Amino acid sequence: MTPQKYWLTARELRYSITFAFPLLVLYELLALAISHSAFAGVRNGADVLLKTLFVSLGGRAGLAVFGTLLLGIGAWVVWRDHRRRGGAFNTRIFVGMFAESLVYAALLGGVVSTLTAWLLPGPLFTLQGGQHVIPLGTQLVISLGAGIYEELLFRLLLVSALYGVGTYLGWSKPVAVTVAIVGSALIFSGFHYVGPLGDRLTLPSFTFRAIAGLLLSGLFVARGLGITAWTHALYDIGVTIINS
C-alpha cells in the first residue's frame, strides 16, 4: 500500500471509528473496576458531562440509552461506510494508525510548549492540578477517558456543530473550519478549570491547553476521530507517568 493510499484509507469513517472503539471499551471497563459504577466515582469530566443529561432523565435506564445510542450510531456509521466502500478491513492500516498516534503523542507536548513559550516569553511554568490527590491508576484511567470522551465532546460534536452553524450562516468552508477549530479549542481549554477537580486558572496554562486544543482539532479535521483520540490518550498517559 502506498503512503497516499494509507493516508486516505485511515481517514475513512469505518477505520476511524473502529480504531477508537477499543479505547472506549478499555476506559469503561477500567473505570467500572475502580468505581464499581457506570457513572459515579472519579471519571473524566467530559464523560460525566455527556452522561449527565441521560442520567437526569432516566437514571440507570438513561445510562443504558446513552450506551445504546453511542454504540448503535457508531456501528451504523461503520456499517454504512463499509458497505459503500466494500472490501475487508486491512489490519495493517490499524497498525499504521497506532504508530501514527504514537508519533503525534510524542510530539504534542514539545510543540505546544514551544508555541506557548513563543507567545508568552518568560519563566517556565507548570500546569497546576487541583488539590485532590488521585491514585496513579485512577489518573491513568482518566487519561484514557480524556482520549475518548473529550474527543467525542470537543472534536466530534463541538467542531462538527460549529462547522455546521458556520455553513448554515453562509460562511465559506475555510472560514467555517477555522472558526470551528478555534472555538472548540478555547472551550476545550476552559473546560479544564470547571468543577471540584478543575485546575487553577492561569494565563500560561490556559494558553497551553488552547494551543493543544487547536492542534487536536486540526488533527481531527485532517485525520479523523480514531487517531486524534488515541493521540490524546497516549499523550495524557505519558504526562501522567512522567509526573507520577
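Me: How many of the 244 residues of the chain count as buried?
Reply: 39% of them do. Buried means under 20% relative accessible area, exposed over 50%, and partly exposed in between, with a 1.4 Å probe and protein chains only. This is a predicted model: local features need pLDDT of at least 70, side-chain atom pairs count only at pLDDT 80 or more, and totals for chains, interfaces and linings use all residues. Residues are numbered from 1 along each chain as its sequence is written, and side-chain values use heavy atoms, with hydrogens and water left out.

Me: Why is Ala31 called buried?
Reply: Its relative accessibility is 3%. The cut-off is under 20%, so Ala31 counts as buried. Ala31 sits in helix α2. Helices are DSSP runs (H or I, at least four residues), strands are runs of E (at least two), and both are numbered from the N terminus.

Me: What makes Val77 buried?
Reply: Val77 has 14% relative accessibility. Val77 belongs to helix α3.

Me: Which residues is Val77 in contact with, leaving aside neighbours within four places in sequence?
Reply: Leu13 and Ile17. Contact means heavy atoms within 4.5 Å.

Me: How many helices and strands does the chain have?
Reply: There are 8 helices and 0 strands. From the N terminus on, the order is α-α-α-α-α-α-α-α.

Me: What makes a set of residues a nonpolar core?
Reply: The members are buried Ala, Val, Leu, Ile, Met, Phe, Trp, Tyr and Cys residues, joined through side-chain atoms within 4.5 Å. The largest such core here has 42 residues. Leu23, Tyr27, Met97, Ile148 and Tyr149 touch the most other members. Several helices supply at least two residues each, including α2 (13-35), α5 (136-168) and α8 (225-243). Helix α5 gives the most, with 9 residues.

Me: Which residues does Ile148 touch, not counting those up to four places away in sequence?
Reply: Ile148 touches Ala20, Leu23, Leu24, Tyr27 and Ala229.

Me: Why does the radius of gyration agree with a compact globule?
Reply: The radius is taken over C-alpha atoms, and the globule rule is 2.2 Å times the number of residues to the power 0.38. For 244 residues a compact globule would have a value near 18 Å. The chain has 18 Å, so the two agree.

Me: How far apart are Ala31 and Leu140 in sequence and in space?
Reply: They are 109 residues apart in sequence and 9.9 Å apart in space, C-alpha to C-alpha.
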